[in-house]
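Thanks for making time this morning; I would like to walk you through one model, taking the strands, then the salt bridges, and then a cavity. Please have a look at it before I go on.

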Amino acid sequence: MAKKRPQTKAKRPQITDGEIPVVGAREPCPCGSGRRYKACHGRAAAHAATELVHRPFEGLPGECDWVALRELVPAATVGLTLKGGLPEGVPAVTLATVLPMAWPALRRDDGSVLLGLQNDTSSGDISRDLADTLQRALEAEPGTPVQGRRAPADGPRLQDLLDPEGAFEPEVHSGFEFWVPDPENATPDVTASLERANAAAIPTVKLQGVDAAYWCETPEKNHLRWVMPHAEEQLLDALARLHAAGRSSLGDGTRLVGSFRAHGLTVPVWDLPSGVTAEDVEKPAAEFAERLAAALATDAPLTADERRARGGLTNRQVTLN
C-alpha cells in the first residue's frame, strides 16, 4: 500500500486582535482559529455588549438634559459641538429626540447630520452606540439615513467625540416639523410618520429658571419631571426632610408623588392641577431649588417622620432603564 503523504496546512496570516473585524456570532472567526466568532474573539464583544453602563451620559455637558431627552421629552433638538470642529462638508450636527421612521441618524441633503436619541441600542452602553452612529452619519452620503448596527466593543463613546466645553441647550418643539426643511414637499412616508408622531406627542415645556425640569400636559393632570444630578441616597434623604415638613410641593394643589430612576440619575415627579402651566411653576420651582439645597446640606439623622416619608418616596420609585 502506498504511504499517505503527511498533510501540511498552509500557514494563515497572523492577525492582531485590533485588526479582527466584527462579524456574525455564528460565523467563523476572522482570526482563522476555525471556531465561531462568538466562541473566539467575539467573547469580549459580547461581554461589552451586555455590560450595562449605568450613567452613559456622565461627563457630557448637560447630563441631566441628555437623560430627559432620552426618556421624557417627545420632541426636542440640541446643537452638538464636536472635538476639533465639524468635518468638511458637514455644516451642523444636531441631536434630536427621535427621527422619522425611527432612523438612528440622517445625513441631510445639505450635509448636516441629525442624530436620533430615542432608539433601541444593541449594547449596554448607549454612549458607545450613539458615537458609532454619529461617526457613520458624518461619513454617509448626503440625503441618506443611517441604519442601526452593533457597535465595535472598543469603539469611541460620545465623551470621546463631543467637546466637553460645548454648550448643551435643548430646544423643545411642539411637533416634529424639524424633521424636514420643507414639510410640504416631504415624501408620503415621511408625511405619514410626521402626522402620527405629532398626534402622539405630549405637550412639554422646559423650565427656564432651573436646570433640567420639564412641565408636561396630560388629559387628567399636568406634571413636572425634574432630572437631578445629586447622589440618589442623598437626594432621597433631602426630599424626605422636605416632604415630612410639608415643604415639598410647588404650590396649592401640587404634590410630590415619587420619582423615576433613569440612566443613573433620579427624577422627582410632581402632580399639578390641569390649569397649572409651565409659567405658573417657574417661581415655585426656583424656590423649591433653594429649599432642596439647604436640605442637601443637612447631615443630621432622619427623624421618624422623615424615615416614613423616605419609605413612601422609595416605594413609589420606578426604574426606566
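Let me begin with a definition: two strands are taken to pair if DSSP finds at least two bridges between them. The model is a predicted one, and in it strand E1, residues 76-79, pairs with strand E6, residues 171-172, in the antiparallel sense over two bridges. Within that pairing, Ala 76 has Val 172 as its bridge partner in E6. E1 also pairs with strand E2, residues 93-96, again in the antiparallel sense but over three bridges, and there the partner of Val 78 is Leu 95.

Turning to the salt bridges, of which the structure holds 13, I would pick out the one between Arg 241 and Glu 306, whose closest N and O atoms are 3.6 Å apart. This pair links distant parts of the chain, since Arg 241 sits in helix H6, residues 232-244, and Glu 306 in helix H8, residues 304-315, 65 residues apart. Are these two partners buried or exposed? Arg 241 has a relative accessible area of 11% and is therefore buried, and Glu 306, at 13%, is buried as well.

Also in helix H8, Arg 308 and Asp 305 are three residues apart, so about one helical turn separates them, and their side chains meet in a salt bridge at 2.1 Å, N to O. Here Arg 308 counts as exposed, at 56% relative accessibility, whereas Asp 305 is partly exposed at 45%.

Finally, the second largest cavity has a volume of about 70 Å³, and its lining residues include Trp 66, Asp 163 and Phe 168.

How values were computed:
Residues numbered from 1 in each chain as written. Predicted model: local features only at pLDDT ≥ 70, side-chain atom pairs only at ≥ 80, totals over all residues. Heavy atoms only, no water. 1 Å grid on protein atoms, 1.4 Å probe; cavity = no way out; pocket = protein on both sides within 12 Å on 5 of 7 lines; lining within 4 Å. Points joined across faces, edges and corners; volume = space filled by probe spheres on them. Helix = DSSP H or I, 4+ residues; strand = E, 2+ residues; numbered from the N terminus. Salt bridge = Lys/Arg side-chain N within 4 Å of Asp/Glu carboxyl O. Buried < 20%, exposed > 50% of the residue type's maximum accessible area, 1.4 Å probe, protein only.
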